[in-house]
Amino acid sequence: MPLSSVLPRLRTVLVASLLTLAALPAAAETVGKVGVDWIGNDIYIDAVSDPKISGVTCHVTYFDRSVIDRLKNGNWFEDPSNNAIACRQTGPVTIGDIDLSRGGEEVFKSGLSLIWKSLIVTRVYDKKNDTLIYLAHSRELTDGSAKMSISTVPLYGENVTWTNGKP
């Protein structure tokens, strides 16, 4: 096959791959790790930037069980659902094409077990109060979890740029 016919295909595959990656939820950067006890249980603190809103950073905490704790309690494949979140403006706020529905939009997801449980951060826009709401919760395949935490970023009075115009 001549190189001239391979390059357009390669370019198409590369662009499609980049568009797919752009649609994925944000990745976290671990910024802290606090030892909880002598058996090695830790609390991690991750910084998560909203992929569609620049200038907002959320800090999410989660518990990581040690091997000793897993041996002692017998549950090898799962960490507790306990988590917390705090989100703040960390720069000029520019809001892209966000989901404005009541269900909001998932901006971050991380596994808390091998298969069944994930830590999810969902963003909801409260139009009446001009506020971004970030909800951290776990999702289990069988029956969800009632443990959750929220944080808000008020936009009222702030210099905010909406790329598609303010709703």
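Q: Two strands pair if DSSP finds at least two bridges between them, so which residue of β3 stands opposite I45?

A: Strands here are DSSP runs of E with at least two residues, helices are runs of H or I with at least four residues, and both are numbered from the N terminus. The residue standing opposite I45 is T61 of β3. This is a predicted model, in which local features need pLDDT of at least 70 and side-chain atom pairs count only at pLDDT 80 or more, while totals for chains, interfaces and linings use all residues. Residues are numbered from 1 along each chain as its sequence is written, and side-chain values use heavy atoms, with hydrogens and water left out.

Q: In which sense do β2 and β3 run, and how many bridges join them?

A: The two strands run antiparallel and are joined by 8 bridges, and they form a hairpin that leaves 3 residues between them. β3 also pairs in the antiparallel sense with strand β4 (residues 83–95), over 9 bridges; within that pairing, H59 has A86 of β4 as its bridge partner.

Q: How many salt bridges does the structure hold?

A: Side chains of opposite charge can pair when their charged atoms come close. With a salt bridge taken as a side-chain nitrogen of Lys or Arg within 4 Å of a carboxyl oxygen of Asp or Glu, the structure holds 4. One of them joins the side chains of D50 and R123, at 2.7 Å from N to O. Because D50 lies in the loop between β2 (42–49) and β3 (53–64) and R123 lies in strand β6 (residues 117–126), this pair ties together parts that are 73 residues apart in sequence.

Q: Which residues are linked with D50 and R123 in a network of salt bridges?

A: K52 and E105 join D50 and R123 in that network. The side chains of K52 and E105 meet at 2.5 Å, N to O, and since K52 lies in the loop between β2 and β3 while E105 lies in strand β5 (residues 105–111), the pair ties together parts that are 53 residues apart in sequence. R123 and E105 also meet in a salt bridge, at 3.0 Å from N to O, and this pair links distant parts of the chain, with R123 in β6 and E105 in β5, 18 residues apart.

Q: Is R123 buried or exposed?

A: Buried means under 20% relative accessible area, exposed means over 50%, and partly exposed is in between (1.4 Å probe, protein chains only). R123 is buried at 1%, D50 is buried at 6% and E105 is buried at 15%, whereas K52 is partly exposed at 35%.

Q: Where in the chain is confidence lowest?

A: Confidence is given as pLDDT, the predictor's score for each residue from 0 to 100. Its mean is lowest in helix α1 (residues 3–22), at 35, and highest in β9, at 95. The chain averages 74, and 63% of the residues score at least 70. Where pLDDT is low, the predicted coordinates should not be read in detail.

Conventions: Pairing = 2+ DSSP bridges.
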